[in-house]
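This report goes through a few parts of the structure shown below. Please keep the view at hand while reading.

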Amino acid sequence: MENKRALLKRRIIQLAVIVLVILLGVVMFVVGKEHTILLDNKSIESGGVTYNAFQVVEVQVDGRDKLELGPRDRDKEVVMGQRHKVTVTYFDKYYEEHVVVKKFKVPISQKMVLISLPAVAAELDQSVWLTNYEAPTLLNIPKDEEPIVSDDLIPLDF
Amino acid sequence: MSELRETKGEKFFNIIEKNAVSILFLIICAVGIAFSGYSLGYLGQEIITRVARNSFLIISLLIPIMAGMGLNFGMTLGAMAGQIGLIFISDWGIAGIPGMVLAMIISTPISALLGWLCGKILNMAKGREMVTSYIIGFFINGIYQLIVLYGMGPVIPIKDPALVLPRGYGIRNTVNLIGIRRALDDVLAIRVFGLSIPLMTFIVIALLCLFMVWFKKSKLGQDMRAVGQDMEVARAAGIRVEHTRIVSIVISTILAGYGMIIYLQNMGTLNTYNSHMQIGMFSIAALLVGGASVNRASIGNVFLGVTLFHLMFIVSPMAGKNLIGQAQLGEFFRVFVSYGVITLALVLYEIRKRRSRTRAGRLLAQDQLDAIKEEQ
């Protein structure tokens, strides 16, 4: 009886450890998932209104370096995890500085998302300025093989 | 029983014989450094990088030695499991420390299963564990290649085109681990005297060392030592010998999987079909260079071994080039030394075993002679 109880207790602990490890794996998956954020400074049309691209706009994702984009420019940031913050800094026609900060969540299934900066600045709905982006097939063509890196320090072909 | 009376010459010879491989390597390294022309700063940086990169893998070899199973050539099984974990996280786009942890989580059940299989087979081949584990490594490598080359893509979904061969299935010869490149090394990197030290990697290695020290003193560790010393006596004492041996191989294989992930995060590139095969041989050679033998190894042997072995690796091509104008010589030399040192260690182990038997005989004769003299 005593033995059976000990065995049951052991099995429960083992099961709990397995469940915990699986949970840790899920957390690591969510936290470590990389997403590419495309920052797009192109004119966008929404609800019959056109929001023009900025002449110059500064954009910052999380606490990273600021990126400066001209009209029709597009840049990217590779980020980890789902929750991020984008800060858009621009000047209006009276040279007055405006800063728009938006927090957003990238769905786990989306590898690449596109943020329209004019739409962010216009404070439109998130569904307008944050959209999923599927890279064209051509971009998916695999690169050449990576060179093999081994413990060898000195190349043989002197 | 009293101590064997030996001449000073015999005692000196015993010390030399006990540390023959390390002394030989010290001489090789000293000559190599002189001829290579490398600065001490450069050598120091390289050694720090390589100690951080390889130590975890080599420490994983200690437990089977404790259990009397010799050098675990089956560590390649764990390395393969680690690589499978890395392939998956690369495909899923998981980066940084979370990527490494996830790769470790994925590798753990695979390593445990392979380790259990290896342990079961080794229990059927008692006394021939090393050669058996070496061959198991080749056998599992075949299955690994079958899965990675043909299974990944059509059976196991791998979507990233950068990973899959142009034909549509199978993993490419090299996988870029850009997401986890130096993820652990850069967490707490500090600079001391111009040398970059990956502190977090060393902390992880130190934790493993502490675990090893604790493990040796634990019930399971004591059981393993008892099994390693004499299986029959251990069995008579109520220790489940076969089970203990399997557990030692399972732990070693799992640790080897983690070690491989730490090794590859430093390299930044996975050589899909070769990395694991090289690592077994180099880890074992490094441990032997540190003064370990088939039945005796310590944490000190790991660090001395990895330092001396990799020092030889770094200096030999340049020393070869400077000596006779060909780096190829150094390349051949270091490959020859890697295999040679394993052979030498095995030969020395046999010699030592025979000599210890002779010493035991001499000691018995000496005791009997002393007893007769006392009676007279």
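## Sheet in chain A

Two strands pair if DSSP finds at least two bridges between them. Strands (E, at least two residues) and helices (H or I, at least four) are DSSP runs, numbered from the N terminus. The model is predicted, with local features needing pLDDT of at least 70 and side-chain atom pairs counting only at pLDDT 80 or more. Residues are numbered from 1 along each chain as its sequence is written, and chains are lettered from A in the order in which they are written.

In chain A, strand 7 (residues 83–91) and strand 8 run antiparallel and are joined by nine bridges. Val88(A) stands opposite Val100(A) of strand 8.

These strands belong to an open sheet of four strands in chain A, with the order 5-4-7-8 and antiparallel pairing. Strand 5 (67–69) and strand 8 (97–105) of chain A are at the edges with a single partner strand each, so one side of each has no neighbour in the sheet.

## Helix contact between chains

Helix 1 (residues 2–32) of chain A packs against helix 6 (residues 96–124) of chain B, with axes 9 Å apart and an angle of about 145 degrees. Axes are lines fitted to C-alpha atoms, for helices over the stretch in contact, and angles run from 0 to 180 degrees between N-to-C directions.

The contact (heavy atoms within 4.5 Å) includes Val21(A) and Leu24(A) from helix 1 of chain A, and Pro98(B) and Val101(B) from helix 6 of chain B.

## End of helix 13

Helix 13 (residues 299–324) of chain B has 26 residues. Gly325(B) follows helix 13 of chain B and has a positive phi, near 80 degrees.

Conventions. Heavy atoms only, no water. Expected span 1.5 Å × (residues − 1).
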